[in-house]
Amino acid sequence: MKTIKVLPLALLGTAVGIVISLVLIFTRTLPVQASAEANDIDNLYIFFLGFSGIIFGIVVLFLLVAVYRFRARPNDEREGDNVHGITWLEVVWTVIPFVIVVLCAIGGLIVLRSGDVEAQARTKGQQIHVLGYQFGWKYAYLNQDIDLKDQPTLVLPVNEPVIFELESNDVIHSFWVPAWRMQMNATPGQVNETSTTPTKIGTFEIVCAYLCGVGHTNMNSALPGSIIPKVQVVSKSDFDAWVTKQKAEAAKAAESSSAQTTTGSAG
Amino acid sequence: MTAVLKPTLARCLWVAPAFAALAILITVAARSIFGMTPVLQESTLLTVAYIAGGIGFIVGIGGFDYWFTWMKGGELDPNDHSQHGARSWGDYFKFNTDHKVIGIQYIVFTFIMFLVGGMFAEVFRSELARPGQQVLTDQQYSGLISQHGVIMIFVFMVPVFAGIGNYVIPLMIGAADMAFPRLNALSFWLLPVAAFTLLSSFMFGSFDGGWTGYPTLSEQSGYGMTLYQLGIQLAGASSIATAVNFLVTIITMRAPGMTLFRMPLLVWANLATSALVVAATPFIAGAQFMAMFDREMGTHFFTVAGGGDTLVYQHIFWFYSHPAVYIMILPGFGIISEVIATHARKPVFGYRAVAFSSAGIAILGFAVWAHHMFASGMEPWLRVPIMLSTLLIAIPTGIKIFSWLGTMWGGVLRMTTANLFAIGFIFTFVIGGLSGVMLAVVPFDVSITNSYFIVAHFHYVLFGGSIMTIYAGFYHWFPKVTGRMYNEVVGRWHFWITFVAMNITFFPMHYQGLVGMPRRVADYAPEFAWSNMVISLAAFVLGASTLIFVYNMIHSARHGKKAGANPWGGLTLEWLLSSPPPIFNFPATPRVIGGPYRYGEEGAKHAIVPEVEPATVETTV
């Protein structure tokens with residue numbers, strides 16, 4: 001009986017796997033990297049694609065070769081080899097996945113740790129209170145004393161840390177900005193904190209990722225006709241100008257509303 | 001006229017409404033005596049009617065007849081087997097204590113539910129085929145995706161494995177039946193009640209919070225949400241009762257000589273699964289009770305306004321629902337071990353490693369629940385331990401995959417449809433497993449959770465995993481159950497269409513999620529238009545491929561070639577019996593003399609079934 005050498009086949013499988021990995025890596029489609037964390041997370045993803053392609057290549061090559069080489073011919077009454085196991089081989093295929101998951105854990109911990117360190121360093125910067133509601137987001141700039149109402153646009157300065165405090169006054173929403181690789185639930189009854197540092201100027205989608213009722217579909221700035229404005233990341237000077245304008249408008253609005261109440265009470 | 005008094009479905013038709021009416025009457029009386037307004041509180045009356053009607057259905061079908069007779073001191077004949085075994089097709093519609101009848105009842109009923117859940121998917125895929133909303137309103141869309149998930153999980157995937165286990169396990173361990181045959185029948189008949197409760201919620205606007213039913217959205221939903229909570233409790237009760245039955249049966253009723261390490265791997269897998277069910281399922285039942293009490297009785301477990309905590313629901317829910325993933329795949333792993341060993345004519349490679357990896361998955365499965373909650377705002381310290389335990393679970397799973405490859409290597413692979421599904425399963429399950437490893441890593445998970453990447457991942461695990469194993473099992477034991485062979489040519493068409501359509505349906509969803517398409521939405525950004533069209537078309541083909549299977553099963557059961565006792569040359573005990581097996585299984589207690597997979601060993605046997613019981617053993621009543 002012609003035997004097939006397992007080791008060369010494993011090497012061939014690895015080679016096929018590397019090709020699959022490279023194809024996956026070079027055809028990967030991800031949103032633009034627009035935050036300090038995005039690059040790390042994408043590198044993690046590239047690492048995943050790397051080992052996934054190799055494992056997939058090896059498994060599928062062995063599967064196909066087994067089907068081709070060991071398939072029964074018509075009226076084939078032979079039995080297979082009476083092999084119940086090979087201990088060293090079983091040890092090998094326990095150890096290899098173990099090594100891979102350890103590598104994943106290390107990679108994950110490094111990225112998680114650096115994200116957490118960055119998050120802790122973000123004591124300065126914009127502090128934004130995000131209120132999720134059915135169906136939209138309201139933002140308050142805690143250290144600018146700006147409170148935006150009625151489907152406002154989130155405007156942020158580039159390269160400056162942002163700390164989000166998320167809350168909800170009805171159901172669970174999830175504040176997802178794919179370009180920042182950032183998501184956090186807005187949960188009723190608690191404040192969830194997350195943070196990022198936008199590194200690209202431009203407009204980016206804000207998606208509500210958790211089913212929150214009949215308006216959930218439209219709580220996505222990428223939809224045509226959505227009432228959710230995209231987030232705008234602008235230069236520092238543009239941001240300062242915007243802040244000044246907001247404050248002026250807020251002062252004007254406060255003035256007119258107090259004027260209204262005065263006339264109202266006079267009338 | 002007597003049909004409506006005997007334990008039949010006809011009796012259910014009046015007993016169930018009578019119970020419901022009585023419950024409503026008592027409630028209305030109590031409410032008016034205590035001056036509660038309004039007296040006719042719709043949600044309260046519906047809830048008591050559903051609960052009482054469900055019990056009435058079980059009473060009607062005869063679930064408690066034996067105990068009622070005993071209670072009123074009636075004659076009970078221990079040798080009365082009139083409710084045991086199918087002598088005509090009508091017996092499949094009755095309360096029956098034969099594990100083989102119950103197995104078929106489970107399989108047929110749950111498969112019909114699979115078709116129903118699949119139809120829901122086809123309807124919302126037609127909505128998703130094009131951007132904009134053409135077919136469904138947001139409310140209807142949310143209702144359909146929620147029903148799709150709940151029906152598939154709670155009344156198809158979990159119980160169909162209970163059905164396969166029911167049919168096969170007592171045969172495999174050489175037992176005459178399950179340990180508690182009446183409890184077994186009761187477990188099955190709870191399922192139609194659960195399914196009715198869930199599906200009838202369409203009359204009340206359905207439940208629309210996804211299959212997870214998180215508060216506080218669940219507090220806003222219409223009455224359908226209470227029926228979701230009730231339905232899951234019923235399905236959970238059925239599941240727990242079956243698991244207790246499996247545990248006791250497997251532990252105490254193995255034939256002489258069947259040590260733990262001579263058990264077929266399907267039995268091992270079900271032992272591990274049943275332990276999981278018994279320990280985990282009470283958590284989801286508890287969560288649903290508390291959520292239902294919040295809605296219907298004014299308690300405040302999860303209502304934020306009343307001082308409750310919504311995050312607690314998520315913890316309890318996933319403490320069951322992650323193990324549930326293993327409840328839905330471990331028995332499938334067992335099926336794959338049986339199918340590959342038998343059709344490759346080779347012993348399972350590394351039997352003990354495969355057996356212990358089931359146990360390892362079952363134990364580790366309890367330590368990973370919070371990986372569904374990385375973006376939920378839970379305690380941040382929990383992220384790292386949960387990430388590590390989730391990554392670890394890949395190791396026992398990997399051992400199984402490699403062991404199956406090792407089993408095929410050097411075998412003589414008979415490319416039957418059963419074996420094709422087993423091989424296809426390895427291909428698709430590896431993809432689902434690898435994306436699972438990715439999702440275990442917190443920063444990556446947080447960047448794409450609740451997106452279509454997740455949808456892709458769990459459909460690769462549940463369709464590419466569980467459903468492929470279910471099909472493999474169906475084809476493998478079809479000759480045993482019906483006594484006839486299925487049509488291999490039609491079976492092969494079924495496999496290839498399902499396999500190709502499945503991959504085209506679910507693979508592109510990875511990309512959609514990575515780019516930013518959230519799940520559970522009825523509409524999407526224009527950039528996803530063509531990929532969604534491709535997915536929807538493939539989903540329709542996938543749905544149609546199921547009909548090929550149904551045709552093959554029905555036609556072959558009636559007109560297929562006679563199968564004989566052992567068409568595959570299997571060594572495990574079920575193949576030593578006629579097809580279909582006799583009503584009381586074995587003519588005499590079998591003796592197990594070796595391992596279950598002694599393929600390639602000249603004249604090797606796993607067990608011997610004596611023709612008659614040795615004369616020395618007198619049966620006394």
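Okay, let's start with a crossing in chain B: helices H11(B) and H14(B) cross in a left-handed way. Keep in mind throughout that this is a predicted model.

So who actually touches whom there? On the H11(B) side you have B:Phe333, B:Ile336, B:Ile340, B:Ala341 and B:Ala344, and on the H14(B) side B:Lys400, B:Trp404, B:Thr407 and B:Met408. Sorted by class, that contact comes to seven nonpolar residues, one polar and one charged. As for the geometry, H11(B) covers residues 330-344 and H14(B) covers 394-408; the axes sit 9 Å apart, at an angle of about 15 degrees. Angles under 35 degrees count as roughly parallel, so H11(B) is roughly parallel to H14(B).

While we're at the end of H11, have a look at B:Arg345. Its phi is near 55 degrees, which is a positive value, and this residue is not a glycine. You'll find B:Arg345 in the loop between H11 and helix H12 of chain B, the latter being 351-364.

Next pair, still in chain B: helix H9, residues 265-297, and helix H10, residues 310-327. Their axes come within 8 Å and the crossing angle is roughly 150 degrees. The crossing of H9(B) past H10(B) is left-handed. How many charged residues does the contact of H9(B) with H10(B) have? None: the count is 16 nonpolar, four polar and no charged.

Where are the cis peptide bonds? One runs from B:Thr37 to B:Pro38, with omega near -10 degrees. B:Pro38 lies in the loop between helix H1 (9-33) and helix H2 (42-61) of chain B. Another joins B:Pro215 and B:Thr216, with omega about 5 degrees. B:Thr216 is in a loop as well, between helix H6 (181-199) and helix H7 (217-220) of chain B.

Now over to chain A, starting with how the two chains meet. The contact involves 76 residues from chain B and 71 residues from chain A. On the chain B side, the classes are 48 nonpolar, 19 polar and nine charged.

Chain A itself is split by the domain assignment into domain 1, which is 6-69 plus 89-121, and domain 2, which is 126-252. Going by C-alpha atoms, the centres of domain 1 of chain A and domain 2 of chain A are 34 Å apart. What do they share by way of contact? Nine residues of domain 1 of chain A touch 13 residues of domain 2 of chain A. The domain 1 side of that contact has seven nonpolar residues, one polar and one charged.

Last stop, the sheets of chain A. There's an open one with five strands, ordered S3-S2-S1-S5-S8, and the pairing is mixed. Which strands sit at the edges? Strand S3 (146-147) and strand S8 (192-196) of chain A, each pairing on one side only. Further in, strand S1 of chain A (residues 126-133) pairs with strand S2 of chain A (residues 136-141) in the antiparallel sense, over six bridges. If you want one bridge to zoom in on, A:Val130 has A:Tyr139 in S2(A) as its partner.

Another open sheet has three strands, in the order S7-S6-S10 of chain A, and that one has antiparallel pairing. Its edge strands are S7 (182-186) and S10 (207-208) of chain A, with each pairing on one side only. Strand S6 of chain A, residues 173-177, runs antiparallel to S7(A), and five bridges join the two. In that pairing, A:Ser174 stands opposite A:Asn185 of S7(A).

Key: Residues are numbered from 1 along each chain as its sequence is written. Chains are lettered from A and ligands numbered from 1 in the order in which they are written. This is a predicted model: local features need pLDDT of at least 70, side-chain atom pairs count only at pLDDT 80 or more; totals for chains, interfaces and linings use all residues. Domain bounds come from an automatic or database domain assignment. Two residues are in contact if their C-beta atoms, placed from the backbone, lie within 7 Å. Ala, Val, Leu, Ile, Met, Phe, Trp, Tyr, Cys and Pro count as nonpolar, Asp, Glu, Lys and Arg as charged, and the others, Gly among them, as polar. Two strands pair if DSSP finds at least two bridges between them. Helices (H or I, at least four residues) and strands (E, at least two) are DSSP runs, numbered from the N terminus. Axes are lines fitted to C-alpha atoms, for helices over the stretch in contact, and angles run from 0 to 180 degrees between N-to-C directions. Angles under 35 degrees count as roughly parallel, over 145 as roughly antiparallel, 65 to 115 as roughly perpendicular and the rest as oblique. A crossing is left-handed if the near helix is turned anticlockwise from the far one by less than a right angle, and right-handed if clockwise.
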